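Please open the model in your viewer and keep the sequence panel beside it. The tour below tells you what to select at each stop and what you will find there.

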Amino acid sequence: MKEFYPYKNKQRKNRFLSVGTFILMVSAFLVWFPLLLMVAASLMPEDELLWRYLSPLGIAKAPVRISLLPSYPSCEAFIELLLRSPGFFVMFWNSCIQVFPMLLGQLFVGTPAAWTFARLDFPGRQWLFRLYVLLMVLPFQVTQVSNYLVLDQMNLLNSHLSLILPGIWSTFPVFIMTRSFEAAPKALLEAAYLDGAGEVRAFFLVGIPTGYPGIVTALVLGFIDAWNTLEQPIAYLKDMQLWPLSLYLPDIVQDKAAVAFAAGIVMMIPPVLLYLNGEGKLEQGIASSGVKE
Amino acid sequence: MNRRQRRKNVTAGLFLAPSLCGVCLFSVLPFGDVVRRSFLDARGYAFVGMQNFRIVWGNGAFRLAVANTLRFMITVIPVLFVFSLYLSILIAQSKKGQRLFRISLVLPIVIPAAAIILVWKILFCTDGFFNQVLSFISKRKWDLDWVNGQTAFLVLTVTYLWKNTGYDLLLWLAGLSAIPESLYDAARVDGAGSLAQIRYVILPCLRGTMGLVMVLSVVNSFRVYREAYLLAGSYPDLSIYMLPHLFSHWFITLDVQKMSTAAVMLVVGAGIAMGIFYAIVAGIKHKDGHFSAF
């Protein structure tokens, strides 16, 4: 994306390294430092890992010896993890089963609802939307009781559906998409009506294309949150065979300490790639949902 | 009502139905049941009036959890608000590396808690990196257990800031990009320095963004439970014992009674807070009844 922030400070033009740049660099370093520690640790062979990180791995007490580079880089841990840890694959697959159908559902259910809130005038719209916002703001644990009662009634506890179904009707994506549909240009919509388009056609021909960044944003944020989830699986999945990666990962340390860091890296890869790919859209989407005249 | 309007209402109904039905089924209707249970006795037969509410209100754990949650939000949200705004202004005015800084600072959003938690242990455990740095600086031995003591609150604050600065940063940057150059020029002609530009151009123009930043910060402040749980388990230091901990304890013992009652109290509390929030936002914006997401 091009530089598009017109705010430039002209007084500090000649200074070699301004205070601002320095602060930005420190902040960026604070982000990268833990990530680099993680990458380095994932590339260490087992004996080096045990020498450096006995204490954090919970094996024995010894001072940690941090390093941003492995002394003898090796892919041992990744090979062990990807070729000889069937449990890891099961959990990875579980995460996929739980996340993707949910996102698809959010897309089909949420998009028309968001369009309605943003563009159609109907009685009670404002109050209904406030209800959605309230449901969005409430932490999971508060709605957990209600959810649990329904899932229990429907006999869905301890199954993938117990995570997928309530997730589809999460109100967060509706909120994000509504904001971005509101930013769609009015003139375009009026032109579509003048040409005789009905509400449904207007939704598909004007709504989807103009709200596209918002839809992508909602899906990306939804993916990140669902991929990272802990609360729901702890509450609803008793059977370890059904656990998603996010819940299994802390346990892997006890099983195979040597692959713990590599497992973390593998878990990070999908959301990081998704973000780097969708970065432009994400920013547009957040821009349209954040800026209002 | 003319025909056009009626047709619009029908379409609105059809478009909204799939979402609304699910929300009703999974959230609204069962919440009705929760409200009913909060007025009944433990077996779910006899009406006991406000008794459950008195019990929960008098419950020490509930009070502690509410107080800690509020304390955490009051500490962390203003800090995040100011810090992320400051960084976004710095990025907006930096000439080089805008994209690099932006990606760097946004990256923590996408890092799963479970994946990064081992690094947190490397940094914060008794034999960890921070104790080593502090020992080195102060020339005496530090062996503070950061996560299992009063400092746990600090650790969570740092974690929350690390994870969520990027979120707010994106929102602020979006707001900043919408401010036309001419406003800055006008301010500069009037002799405004960079602080005055922030005060008279940037802050007024970002009013629309502020509400959204606040709401999302609140939503995200409950997600810090993931890190708290992974670092300190389900019985953490009392200073970070928050509502999610309390609810998961009640959930394990299936204390539906208390959970229902507390849920009702919290929904009412959140509703009131939201009402106040809307009133303030409406006051700022001088909206004339026009619908808006805020």
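**First stop: a charged meeting point**

Select Asp225(A) and Arg226(B), which form a salt bridge whose closest N and O atoms are 3.2 Å apart; a salt bridge here is a side-chain nitrogen of Lys or Arg within 4 Å of a carboxyl oxygen of Asp or Glu. This pair crosses between chains, from helix H10 of chain A, where Asp225(A) sits, to helix H11 of chain B, where Arg226(B) sits, and helices are DSSP runs (H or I, at least four residues) numbered from the N terminus. Before going on, note that this is a predicted model, in which local features need pLDDT of at least 70 and side-chain atom pairs count only at pLDDT 80 or more, while totals for chains, interfaces and linings use all residues. Residues are numbered from 1 along each chain as its sequence is written, chains are lettered from A and ligands numbered from 1 in the order in which they are written, and side-chain values use heavy atoms, with hydrogens and water left out.

Is Arg226(B) buried or exposed? Its relative accessibility is 5%, so Arg226(B) counts as buried, where buried means under 20% relative accessible area, exposed means over 50%, and partly exposed lies in between (1.4 Å probe, protein chains only). Asp225(A), by contrast, is partly exposed, with a relative accessible area of 24%.

Arg223(B) is partly exposed, with a relative accessible area of 24%. If you also select Glu231(A), you have the whole network of salt bridges that links Asp225(A), Glu231(A), Arg223(B) and Arg226(B).

**Second stop: where the chains touch**

Colour the two chains separately and show the residues in contact (heavy atoms within 4.5 Å), which are 118 from chain A and 116 from chain B. The two chains bury about 10600 Å² between them, 72% of it on carbon and sulfur atoms; buried area is the accessible area (1.4 Å probe) that two parts lose on being put together, summed over both. There are five salt bridges between chain A and chain B. On the side of chain A that touches chain B, helix H13 (residues 260–290) of chain A gives the most, with 16 residues.

Select Phe117(A) and Phe122(A): their ring centres are 6.5 Å apart and their planes stand at 40 degrees, so the pair is tilted. Phe117(A) and Phe122(A) are both buried.

Finish by selecting Phe29(A), Phe33(A), Phe124(B), Phe129(B), Phe130(B) and Trp146(B), which together form one aromatic cluster.

Note on methods:
Helix = DSSP H or I, 4+ residues; strand = E, 2+ residues; numbered from the N terminus. Phe/Tyr/Trp six-rings, centres within 6.5 Å; stacked < 30°, edge-to-face > 60°.
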